[in-house]
Amino acid sequence: MSKNRMGVSNLKKTDVWIIIAWALAFSYLSYSLFPIYWMFVTSLKDNTTAYKMPPDFLPLKPTLNSYFKLFTSDRTVLHFFFNSLVISGGVVLVCLICGLLGGYALSRLRSKLSRFLTILILVSQMFPLAVLSIPLYTYFFKLHLLDTYGSVILTHSAIALPLCIWLLKGFFDTIPIELEEVAKIDGCGRWMIFTRIVLPLVIPGMITAAVFAFLTSWREFLFALIFTTTEASRPLSPGIAVYYLGFTSIRWPDVMATSILACIPLFIIYIFLQKYVISGLTAGAVKG
């Protein structure tokens, strides 16, 4: 009887801990997802209902007017969206090209200088970005790059590139040098070895670096706001703030509908590339 009672008590204790764990997980999930839920609910309200106090957690009369405005009166926001796609795509291209070449060089040309450069690349991430805003503004002003895609692409690439180089270097370090030596014996040059043998082996790292570069550019606000002054090159993140919160009254349903639009690329990335990003980060952490 005592053994049965001990078994029942241990089972009850286990059940209690499982319930507590699920309760904590549900609480954290609710806390994390509530802003997204509130953003979506607010986008379905009209401007009057959005200011109602106490607020309606479920819209009594949902409407899609805020989404229709994106394709009618607020088409400027779609141009911001296009600018963000162009800028983020340019950042991904720059980070992949420079990250692959830089990571491969640091991985293969092993010396005290390469170790120093690797540490220097990581140390560069320690400086606050706001400190660089004035020097960069002066620099781009002299080069006539203000209010262009180029200034934002170069700045965002500089922010994302150090981690991309470090990440890709970790993947290159896992590739046996013997593979390249065998290819040299077969008559392959350095460029052919790099493109046909090495690159296919680091595809998970390339996807991870590309996603990181894209997200860094897509969500960056400060430099995108400083270096763009017109709608011609302004990306979505500062565009929402200037268009809805600067020049017009605050229309929260329209702001939230535009924010939902801004989240769509992020949802697509995590749906289709999640497994590659997780495997890439895990492999890079273990192997690097």
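Which residue forms a salt bridge with Lys-69? To find the partner in this predicted model, select Lys-69 together with Asp-254: these two residues form the salt bridge, and their closest N and O atoms are 3.5 Å apart. The pair connects distant parts of the chain, since Asp-254 belongs to helix α13 and Lys-69 to helix α3 (residues 65-69), 185 residues apart. Asp-254 counts as buried because its relative accessibility is 2%, under the 20% limit. Lys-69, with a relative accessible area of 28%, is partly exposed.

In total, the structure holds 6 salt bridges.

Next, select Glu-180 and Arg-108, whose side chains form a salt bridge of 2.7 Å, N to O. Glu-180 lies in helix α8 and Arg-108 in helix α4 (residues 75-108), 72 residues apart. Glu-180 is buried at 1% relative accessibility, and Arg-108 is buried at 16%.

Now display helix α8 (residues 177-185) with helix α9 (residues 190-198). Their axes come within 10 Å and cross at roughly 125°, which means that α8 is oblique to α9. The crossing is right-handed.

Finally, turn to the surface and select Leu-29, Leu-33, Ile-36, Ile-264, Phe-267, Ile-268, Ile-271 and Phe-272. Together they form a nonpolar patch with about 770 Å² of accessible area. Helix α13 gives the patch its largest share, 5 residues. Phe-272, found in α13, is exposed at 56% relative accessibility.

Notes
Residues are numbered from 1 along each chain as its sequence is written. This is a predicted model: local features need pLDDT of at least 70, side-chain atom pairs count only at pLDDT 80 or more; totals for chains, interfaces and linings use all residues. Side-chain values use heavy atoms; hydrogens and water are left out. Patches are made of residues with over 30% relative accessible area and no salt bridge: like charges are joined within 9 Å, nonpolar side chains (Val, Leu, Ile, Met, Phe, Trp, Tyr) within 5 Å. Accessible areas come from the Shrake-Rupley method with a 1.4 Å probe; for residues, only the protein chains shown count as cover. A salt bridge is a side-chain nitrogen of Lys or Arg within 4 Å of a carboxyl oxygen of Asp or Glu. Helices (H or I, at least four residues) and strands (E, at least two) are DSSP runs, numbered from the N terminus. Buried means under 20% relative accessible area, exposed over 50%, partly exposed in between (1.4 Å probe, protein chains only). Axes are lines fitted to C-alpha atoms, for helices over the stretch in contact, and angles run from 0 to 180 degrees between N-to-C directions. Angles under 35 degrees count as roughly parallel, over 145 as roughly antiparallel, 65 to 115 as roughly perpendicular and the rest as oblique. A crossing is left-handed if the near helix is turned anticlockwise from the far one by less than a right angle, and right-handed if clockwise.
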